[in-house]
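Here's a quick briefing for anyone meeting this structure for the first time. Have a look at it, then read on.

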Amino acid sequence: MEDFFTYVALFSAALLLIWLLLYFYKRNLKKEKKAYSESRLKKQRTESGGIDFVRCPMCNTPLAQGEDMTSRVFRPMNTPDQRMTILGCPHCYPSVERGARRTCPVCRKDVPLDGYLIARLFNKEHNKKHVIITGCTLCYGPQKKQRE
Ligand SMILES: [Zn+2]
Ligand SMILES: [Zn+2]
């Protein structure tokens with residue numbers, strides 16, 4: 001009978017060990033996954049010299065490699081500044097992800113799905129591009145432009 005109890009005790013100890021190993025393994029895996037998805041996020045140098053994530057100007061979601069904004073650039077291509085419209089990133093266009101909100105960085109209003117942001121794209125030397133958001137269809141629409 002004593003042998004049986006020793007066996008049960010050993011067995012449960014082994015089970016506990018396996019469970020603990022699995023627990024730490026899973027926890028580690030989760031950490032690695034998070035670090036991996038974070039390392040895939042695009043980064044840019046800010047004007048103050050720091051490193052920041054590249055975020056969607058519309059919904060502020062950090063963008064990963066391969067996630068590009070849906071935008072249109074208008075011709076001519078060789079001028080120093082071009083008109084550009086930004087429809088959104090994969091998180092907010094063509095459908096809005098849960099938790100994401102399409103807001104205009106200029107007027108802070110919600111931009112509808114058929115609306116877009118209007119920006120000026122400056123082609124700088126060394127192929128560097130600089131984008132300045134001038135507004136959205138609500139605050140910088142065609143009506144306002146005609147008035148100017
Ligand atoms: Zn977005
Ligand atoms: Zn706006």
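**A loop, a sheet and a core**

Let's start in a loop: S48 sits in the one between β1 (43–45) and β2 (51–53). Keep in mind that this is a predicted model. From there, we'll move on to the sheet and then the nonpolar core.

- Is S48 buried or exposed? S48 counts as exposed because it has 6 C-beta neighbours inside 10 Å, and the cut-off for exposed is 12 or fewer.
- S48 and L22 are 26 residues apart along the chain, and 44 Å separates their C-alpha atoms.

**The sheet**
- Four strands make up an open sheet, in the order β3-β4-β5-β6, with antiparallel pairing.
- At the edges you'll find β3 (70–73) and β6 (129–136), each of which pairs on one side only.
- From one strand to the next, the twist averages 30 degrees.
- Strands β3 and β4 (residues 81–88) run antiparallel and are joined by four bridges.

**The nonpolar core**
- The largest nonpolar core has 14 residues, and M58, I86, L117 and C136 are those with the most contacts inside it.
- Two or more residues of this core come from each of β4 and β5 (117–123).
- Which element gives the most to this core? That's β5, with three residues.
- Leaving out residues up to four places away in sequence, C136 touches C104, V106, C107, V111, G115, Y116, L117 and I118.

Conventions
Residues numbered from 1 in each chain as written. Chains lettered and ligands numbered in written order. Predicted model: local features only at pLDDT ≥ 70, side-chain atom pairs only at ≥ 80, totals over all residues. Pairing = 2+ DSSP bridges. Axes fitted to C-alpha atoms, helices over the stretch in contact; angles between N-to-C directions. Buried ≥ 20, exposed ≤ 12 C-beta atoms within 10 Å, placed from the backbone. Core = buried A, V, L, I, M, F, W, Y, C linked by C-beta atoms within 7 Å. Contact = placed C-beta atoms within 7 Å.
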